[in-house]
Amino acid sequence: TTQRLTSRSGLVTVVEHRDMPGVLVRMETDAPVVHGRVMRSVEGRAWEPVRSGDYARFILRDDGLRVGHAFDLAAVPGKRTAYTVDLGDELDPDDIVSIELRPLALREAWMKHAAKPDLSRLVRLIHPFGRQTSGWTDIAGVYGAGRPHVTQAGPAAVTYPLTFRCDGQADVHSIRELVTTPGPILLQASTEHGLDEAWVAWDGGTISEDRAGSAGWRYRAITVPVVEVDPPATLWAPLV
């Protein structure tokens with residue numbers, strides 16, 4: 001049931017990843033191009049570069065065609081996304097192809113690691129999340145004023161704990177490796193979780209584990225403090 005769709009011009013083909021919300025973008029052209037910028041538009045919003053396709057390298061094949069690839073790890077489940085490639089000329093509607101991945105199932109959630117996509121996995125989130133926002137401000141007392149004057153303020157950091165339900169030794173170790181491997185992780189969760197899509201990272205705090213009595217490796221809950229971070233840079237990001 002894997003989706004495979006091609007633009008009218010034949011330039012761009014998108015293929016749904018079999019096991020996770022992700023899209024492989026393949027470009028094929030006889031034009032003498034070396035690099036192209038793969039772009040996407042989620043439900044008609046502004047075009048944005050696809051990480052690992054900003055820029056994509058075109059390789060010359062023996063048959064004279066040039067082929068390039070990109071992988072959209074951040075493909076959004078349940079939303080129609082259009083893809084194209086910018087080769088430095090005017091955008092042609094015939095070079096655009098769109099695909100809609102299935103929506104996340106009830107209480108389904110994914111954690112996708114930008115630097116190590118092989119660690120990405122379906123997770124089971126439990127417990128309330130308790131978002132907290134923190135930032136810094138410089139204030140100055142103003143004579144006669146009812147409250148101090150804010151002279152400058154820094155960006156707020158949004159933090160919260162994520163609690164994962166694990167079942168078995170392999171599950172426990174894969175969650176530990178996922179969250180402790182350096183690099184931003186994309187959190188995508190179904191609406192029942194009440195969480196917006198966000199790039200997060202372990203904030204270095206204590207990772208706690210709760211075990212259910214003497215169940216051994218089974219029925220373990222791992223709580224990880226995370227902080228929301230900026231999306232990873234796209235320019236010249238490697239194809240992984």
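## Strand pairing, burial and charge

Colleague: What makes strand 3 and strand 8 a pair?

Modeller: Strand 3 (residues 23-29) and strand 8 are joined by seven bridges in the antiparallel sense. Two strands pair if DSSP finds at least two bridges between them, so seven bridges meet the rule. Within this pairing, Val25 stands opposite Ala70 in strand 8. This is a predicted model, where local features need pLDDT of at least 70 and side-chain atom pairs count only at pLDDT 80 or more, while totals for chains, interfaces and linings use all residues. Residues are numbered from 1 along each chain as its sequence is written, and side-chain values use heavy atoms, with hydrogens and water left out.

Colleague: Why are strand 1 and strand 7 said to stand at the edges of the sheet?

Modeller: The open sheet has five strands in the order 1-2-3-8-7, with antiparallel pairing. Strand 1 (4-6) and strand 7 (59-60) each have a single partner strand, so one side of each is left without a neighbour in the sheet. As for the names, a strand is a DSSP run of E with at least two residues and a helix a run of H or I with at least four, both numbered from the N terminus.

Colleague: How do you know that strand 11 is largely enclosed?

Modeller: Strand 11 (residues 109-113) has five of its five residues buried, so the rest of the structure largely encloses this strand. Buried means under 20% relative accessible area, exposed over 50%, and partly exposed in between (1.4 Å probe, protein chains only). Both faces of strand 11 are covered, with Ala109, Met111 and His113 buried on one side and Trp110 and Lys112 buried on the other.

Colleague: Which strands pair with strand 11?

Modeller: Strand 18 (residues 185-189) runs antiparallel to strand 11 and is joined to it by five bridges. In strand 18, Ile185 is the bridge partner of His113. Strand 12 (residues 121-123) pairs with strand 11 in the antiparallel sense over three bridges, and Trp110 stands opposite Leu122 there.

Colleague: What does the salt bridge between Arg40 and Asp72 tie together?

Modeller: The closest N and O atoms of Arg40 and Asp72 are 2.9 Å apart. Arg40 lies in strand 4 (residues 35-42) and Asp72 in strand 8 (residues 66-72), so the pair ties together parts that are 32 residues apart in sequence. Both residues are buried.

Colleague: How do you know that Glu209 and Arg176 link distant parts of the chain?

Modeller: Their side chains meet in a salt bridge of 2.9 Å, N to O. Glu209 is in strand 20 (residues 208-211) and Arg176 in helix 1 (residues 169-180), 33 residues apart. Glu209 has a relative accessible area of 29% and Arg176 one of 28%, so each falls in the partly exposed class.

Colleague: How many salt bridges does the structure hold?

Modeller: There are 13 salt bridges in the structure. Arg26, Glu28, Arg61 and Asp63 are linked in a network of them.

Colleague: What makes Asp86, Asp89, Glu90 and Asp92 a negative surface patch?

Modeller: Asp and Glu count as negative, Lys and Arg as positive, and His and the chain ends are not counted. Patch residues have over 30% relative accessible area and no salt bridge; like charges are joined within 9 Å, and nonpolar side chains (Val, Leu, Ile, Met, Phe, Trp, Tyr) within 5 Å. Asp86, Asp89, Glu90 and Asp92 form such a patch. Glu90, for one, is exposed at 73% and sits in the loop between strand 9 (80-86) and strand 10 (97-100).

Technical notes
Areas by Shrake-Rupley, 256 points an atom, 1.4 Å probe, with all protein chains shown as cover. Salt bridge = Lys/Arg side-chain N within 4 Å of Asp/Glu carboxyl O. Charge placed at Lys NZ, Arg CZ, Asp CG, Glu CD.
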